[in-house]
Amino acid sequence: MADEIAPCALVLMGVSGSGKSTIADRLAARLGWRYEDGDKFHPPANVAKMSAGHPLTDDDRRPWLQAIADEIDRTCKVNERAVIACSALKHAYRDVLVHGRDDVRIVFLNGTQDLIAARLAARKGHFMPPGLLASQFRTLEPPQPDERPITVSIDAPVETIVDDIIRQLNLAPQ
């Protein structure tokens, strides 16, 4: 990372069931950074809509993404560090979150629809019903090189995935 600014925030993105919360929490613990679950920034109307099995529209997502972007800006301004789990499925969503910052990096948790469907089927107590997975994969726009993403396969144990992220970012745990 000699030519790069050290990140103040990492956004772990992927479809529901890709391990965003688990991996982001473990990564934050390993780095000594704060963990934030992007789901907590959803307004209640969005949670109700998803719980009823309805996908969110871009208009539904706008205030949610802006709330996360505001938290990233606040975090970086006070010289804190955070790992944030957020689906960020479209390039336009990631543009809201990163908005040209060099000190925010996207980490794409990449996995097959079959693997993720099996994980969702085993998960209990989450507002995202497994039936919306196909919709998420249709929406997913994998990050492109101009977004400087870190891409990791989720077909590995959590610690291996975290090791891969840290290695690719050239970050040392604090």
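Reader: Which strand gives the most to the lining of the largest cavity?

Author: In this predicted model, that is strand β4 (residues 104-110), which contributes three residues to the lining of the largest cavity.

Reader: And which residues line the largest cavity, taken together?

Author: The lining is made up of Val15, Phe108, Leu109, Asn110, Gly111, Ile116, Phe137 and Leu140. Sorted by class, six of the lining residues are nonpolar and two are polar, while no charged residue takes part.

Reader: How much space lies in the largest cavity?

Author: The largest cavity holds about 30 Å³ of space, and the count of cavities of 30 Å³ or more comes to one.

Reader: Switching to the sheet, then: on strand β3, which residues are buried on one side and which on the other?

Author: Strand β3 (residues 82-85) is covered on both faces, with Ala82 and Ile84 buried on one side and Val83 and Ala85 buried on the other. As a general point, side chains in a regular strand alternate between the two faces of the sheet.

Reader: In what sense do β1 and β3 pair, parallel or antiparallel?

Author: Strand β1 (residues 9-13) pairs with β3 in the parallel sense, and four bridges connect the two. Within that pairing, leucine 10 is found opposite valine 83 of β3, and Val83 is one of the buried residues of the strand.

Reader: How many bridges join β2 to β3?

Author: Strand β2 (residues 34-37) runs parallel to β3 and is joined to it by four bridges.

Reader: What is the bridge partner of glutamate 36 in β3?

Author: Glutamate 36 has isoleucine 84 as its bridge partner there, and Ile84 is buried on the side of β3 where Ala82 also lies.

Conventions
Residues numbered from 1 in each chain as written. Predicted model: local features only at pLDDT ≥ 70, side-chain atom pairs only at ≥ 80, totals over all residues. Heavy atoms only, no water. 1 Å grid on protein atoms, 1.4 Å probe; cavity = no way out; pocket = protein on both sides within 12 Å on 5 of 7 lines; lining within 4 Å. Points joined across faces, edges and corners; volume = space filled by probe spheres on them. Nonpolar A, V, L, I, M, F, W, Y, C, P; charged D, E, K, R; others polar. Buried < 20%, exposed > 50% of the residue type's maximum accessible area, 1.4 Å probe, protein only. Pairing = 2+ DSSP bridges.
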